[in-house]
Amino acid sequence: MNQENGSKTATPVMKTATFDLFSEYIQEVIGIKMGHNKQTMLQARLMKRLRILGLKTYEEYYSYLFSEEGQRSEMPLFVHQVTTNKTDFFREPAHYEQLVKQVLPVLIREKKYSFQRPLRVWSSACSTGEEPYTLAMVLADFAETHQLPDFTILATDISPEVLQHVAQGVYDEARISPVPFPMRKKYMLRAKDPEKRLVRIVPELRAKVRPQWINLKDYPYNIQERMDIIFCRNVIIYFSHDTQVKVMLQLCNHLEPDGYLFLGHSETLNNFNLPLKQVAATVYRKQ
Ligand SMILES: C[S@@+](CC[C@H](N)C(=O)[O-])C[C@H]1O[C@@H](n2cnc3c(N)ncnc32)[C@H](O)[C@@H]1O
């Protein structure tokens, strides 16, 4: 529908040549590989932006995106449309079990990090924050019964929009069902207005999670410290093999010796030739 006068207008169709321009740019800048089988998906996702901007064709949108104004104001929204942000609290729960039962006890026993400084954890494609806040809840619980030093969680993503969610730490009640009840009680606050059906992560845990914009494809990363634990889950699956290898190498550079790297359930590092030893299905340790 034409929003101005209510008359019907044809739905714009993305030409293959235009899709190729978008997909080349997406692969070069974000790292995400988009074959022609993704043309309909990209068209549907960008359609929303065309409608909001009142543009009639994808070519007009492409020109706008690369204008001075588009680069400044549209690019973050473009990135958000192009990326897949699916996430959950306690997604792939076996990892949190491994963290508590295997990884943290080993790190503590070996005293691989000094008790003078906090344990450093990095959720490197954190989406709207469910992953870093799950980590925060699990670590806070573990610290109640073990000799864990303080901890910090760096939460990074390429989409500025998801990082705003992380900073706010506010979630729909419907999303918290995977969180065990005692943790909800300790680490989540209900909105004063019950009709809103929202919860907010408690300030003490929000203070431990630091949101920062990082494009995993752009190195060197603007991170000074080395991490004890890196979660890089369900993101490299979208990258080409070449980009996967380069990103993994960079992550290894940011890992402490004997630090741990967690990948998503369908991501593997077979034949990557990295200084990592596999210790569980998708868990690696730096050698
Ligand atoms: C499917 S979500 C995974 C979220 C979380 N790690 C999990 O497993 O539930 C993938 C996230 O990767 C981010 N992403 C995609 N390309 C990226 C890049 N080049 N650098 C950093 N983040 C990226 C997306 O914005 C999205 O939030």
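These legends describe close-up views of one predicted model. The model is predicted, so local features need pLDDT of at least 70 and side-chain atom pairs count only at pLDDT 80 or more, while totals for chains, interfaces and linings use all residues. Residues are numbered from 1 along each chain as its sequence is written, and side-chain values use heavy atoms, with hydrogens and water left out.

**View 1**
The ligand is surrounded by 19 residues, and the closest are I30, T87, A125, D157 and N234. A residue counts as near a molecule or strand if one of its heavy atoms lies within 4 Å of it. The side chain of T87 has an N or O atom 2.6 Å from an oxygen atom of the ligand. In the side chain of N215, an N or O atom is 2.9 Å from a nitrogen atom of the ligand. N234 places a polar side-chain atom 2.8 Å from an oxygen atom of the ligand.

**View 1. N234 and E92.**
N234 sits in the loop between β7 and α10 (241–253). Helices (H or I, at least four residues) and strands (E, at least two) are DSSP runs, numbered from the N terminus. The side chains of N234 and E92 are joined by a polar contact of 3.1 Å. A polar contact is a pair of N or O atoms within 3.5 Å; within protein, one must be able to donate a hydrogen and the other to accept it, and residues adjacent in sequence count only if both atoms are side-chain atoms. N234 is buried at 15% relative accessibility, and E92 is buried at 17%. Buried means under 20% relative accessible area, exposed over 50%, and partly exposed in between (1.4 Å probe, protein chains only). Leaving aside residues up to four places away in sequence, N234 touches R91, E92, G264, H265 and E267. Contact here means heavy atoms within 4.5 Å.

Most residues other than glycine have a negative phi, and most peptide bonds are trans. E92, in the loop between α4 (68–82) and α5, has a positive phi of about 50° although it is not a glycine. N271 lies in the loop between β8 and β9; its phi is also positive, about 60°, and it is not a glycine. N271 is exposed, with a relative accessible area of 78%. Y219 and P220 are joined by a cis peptide bond with omega of about 0°. The loop that holds P220 runs between β6 (209–213) and β7.

**View 2. Helix α5.**
The 17 residues of α5 (residues 94–110) reach 23 Å from the first C-alpha to the last, close to the 24 Å expected at 1.5 Å a residue. The expected span of a helix is 1.5 Å times one less than its number of residues. A kink of about 35° is centred on V100. The bend at a residue is the angle between axes fitted to the seven residues ending there and the seven starting there. Among the buried residues of α5 are H95, Y96, L99, V103 and L107. The buried residues of this helix pack against elements including β1 (119–123), α6 (130–145) and β8 (255–263). Just after α5, K111 has a positive phi of about 45°.

**View 3. Helix α2.**
Helix α2 (residues 39–53) has 15 residues and a reach of 21 Å from its first C-alpha to its last, close to the 21 Å expected at 1.5 Å a residue. The bend in α2 is about 30°, at L46. Its buried residues include L42, L46, M47 and L50. The cover over the buried residues of α2 includes α1 (16–29), α3 (58–65) and α4. G54 follows α2 and has a positive phi, near 70°.

A disulfide is a covalent bond between the sulfur atoms of two cysteines. The search of the whole structure finds 0 disulfides, a disulfide being a pair of cysteine sulfur atoms within 2.5 Å. C252 is in no disulfide either; its nearest cysteine sulfur, that of C232, is 11 Å away. C126 is buried, with a relative accessible area of 1%, and C252 is buried at 3%. C232 lies in strand β7 and is buried, with a relative accessible area of 0%. Its contacts, not counting residues up to four places away in sequence, include S124, L216, M248 and F262.
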